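This report walks through one protein model.

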Amino acid sequence: MRFITLILATVMMTGCSALYNVSEVRPVVGETSVVKVVPVTSQNVMMANAMTPYTPRSLPSVFDQTATLQSSAVPSISAYKPQARPGAVPTKLPPVQQPKAYRIGVGDVVLLATPNADSALNEINGLLAAQNARQGYTVQDDGAIAIPTVGRVSIGGMTLEEAQSALFQKLVQSQIDPTFNLEITDFNSQRVAVGGAVAQPQLEPITLTPLYLDEAITAAGGVVAADPSYATVRLYRDEQTYQISANKLFAKNDIPKVLLQNGDRVFVDTEYSVELAEGYMRQELDLAKFQRDVLDEQRDIFQTRVEMDAVDRDYVYVFGEVKNQGRWPLPFDRTASLADAMFEQGGIQPVTGNPRRIYVLRKNRDTSSGAMGITAWALDAQNTANLLLATELQLRPNDIVFVASQPVTNWNRLISQVLPSISILGTANGIVN
């Protein structure tokens, strides 16, 4: 037993590196790769940030929008004293417009429909499954939809026919030529607010079918008034106010139909009072609340997609002697530093981590030799003051943050791996003796 122990002790003292391989970063110059270790200093941090410019991914524009109505949106109308028996309402209508083709916008949901479930559309991996699960494809803030294996197709601002043509060309480029039809299942990008003396004040979507003033009021449940002859319909558009009596609007006469457009606000007043119309703008209908609800819904959808990893993100990878190894997403709308990633992942292991060997591995864009170039930015944080440099070193997509282990950690791991073997050999030696 003593002989075996002596042999093992000799091997451990003279060949530790052969028994235990330590992960570390070394400079390498070879045919296939070039690794350059550069210490992190104040000057080198500026160089590292400048050598690899980066524009962080942005949040959708819905996160920058508010539901606050500007004072300019409320028409300036002089005060009016209610009359016991008001006279006829002067009719003022907007210029007559001809219906135009619907333009697809942000928030609309489109669906690819195929006449045969076994058609060539199945060549798109997971396409049918995805559309069934998500009820189609939502037009994102950049006007594009994302289709698995095909990529992003920009259809925002297009008519349905133009969008179908663009999608067809994209599929052809992907060597897929299916028979399909493009449909819009949810119209969320263009809306009209209807409120006042109607049964159901609401936001009504503009769809492929033109929406007219009388139809919008009917869709909201119609005029609710004890005496409809005193009801007045007012339309607010582009800081202009238009009006017509409800009786005249719904009567069979030569009054041209009023085509509504995105952003119109319709208010039904039953007392011939301008003050009520202004109250609709500020209090009763509370259009800001409607807008806020729409914005909140769109933000919730985006946050759900982020949680399901269905949004394109930039990542860095943290491993080595840290508390939480793994993939860490770079934030939206701002850059992240080495310190951000380290502390988000729990920081360095206090016992096993080596603060003198913290590396950020980054692939160079090009090298003159043709080999893959890697720069290892090495931070020595044994001096705590150097941690300030970690707050200045910006991370880039696909960076690898690596923390090496303490020398004593490697020795302890070696002992823990060798001791079971010594125990087995000692047991065997006892049996032989």
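The second largest pocket holds about 310 Å³ of space. Its lining counts 18 residues, and Lys100, Ile206, Leu259, Leu260 and Gln261 are the closest to its centre. By class, that lining has nine nonpolar, seven polar and two charged residues. The model is a predicted one.

**Enclosed space**

Rolling a probe the size of a water molecule over the atoms shows where empty space is left. The count here is one cavity of 30 Å³ or more. The largest cavity contains about 30 Å³ of space. Lys92, Leu93 and Pro94 belong to its lining, and so do Leu213, Val233, Arg234, Leu235, Tyr242, Gln243 and Ile244. β10 (232-237) and β11 (240-245) each give at least two residues to the lining of the largest cavity. Seven residues of that lining are nonpolar, one is polar and two are charged.

The two spaces are set side by side below.

| Space | Volume | Nonpolar lining residues | Polar lining residues | Charged lining residues |
|---|---|---|---|---|
| Largest cavity | about 30 Å³ | seven | one | two |

**The protein as a whole**

The protein has twelve helices and 17 strands. Its chain totals 433 residues, of which 39% count as buried. Among contacts with a separation of 6 or more, 67% join residues 24 or more positions apart.

**Helix α5**

Helix α5 covers residues 160-173, 14 residues in total. From its first C-alpha to its last it reaches 20 Å, close to the 20 Å expected at 1.5 Å a residue. Which residues of α5 are buried? They are Ala163, Leu167 and Leu171. These three lie on the same side of α5, because they cover an arc of only 75° around the axis. Glu161 and Gln173 are exposed on the other side of α5.

The buried residues of α5 have strands as packing partners. These are β3 (109-113), β5 (144-147), β6 (151-154) and β7 (181-186). Just after α5, Gln175 takes a positive phi of about 60°.

Strand β5 is among the elements that the buried residues of α5 pack against. Ile145 is found in β5. Is Ile145 buried or exposed? Its relative accessibility is 2%, so Ile145 counts as buried. Which residues does Ile145 contact, leaving aside neighbours within four places in sequence? Val110, Tyr137, Thr138 and Val139 are in contact with Ile145, as are Gly151, Arg152, Val153 and Ile155. Ile155 lies ten residues from Ile145 along the chain, and their C-alpha atoms are separated by 7.4 Å.

**Ser245, in a strand that lines the cavity**

Strand β11 supplies at least two residues of the lining of the largest cavity. Ser245 has its place in β11. The relative accessible area of Ser245 is 15%; buried means under 20%, so Ser245 is buried. Leaving aside neighbours within four places in sequence, Ser245 is in contact with Ala231 and Thr232.

**In short**

The lining of the largest cavity draws on β10 and β11. Ile145 and Ser245 are both buried.

Methods: Residues numbered from 1 in each chain as written. Predicted model: local features only at pLDDT ≥ 70, side-chain atom pairs only at ≥ 80, totals over all residues. Heavy atoms only, no water. Helix = DSSP H or I, 4+ residues; strand = E, 2+ residues; numbered from the N terminus. Expected span 1.5 Å × (residues − 1). Buried < 20%, exposed > 50% of the residue type's maximum accessible area, 1.4 Å probe, protein only. Arc of directions from axis to C-beta. Contact = heavy atoms within 4.5 Å. 1 Å grid on protein atoms, 1.4 Å probe; cavity = no way out; pocket = protein on both sides within 12 Å on 5 of 7 lines; lining within 4 Å. Points joined across faces, edges and corners; volume = space filled by probe spheres on them. Nonpolar A, V, L, I, M, F, W, Y, C, P; charged D, E, K, R; others polar.
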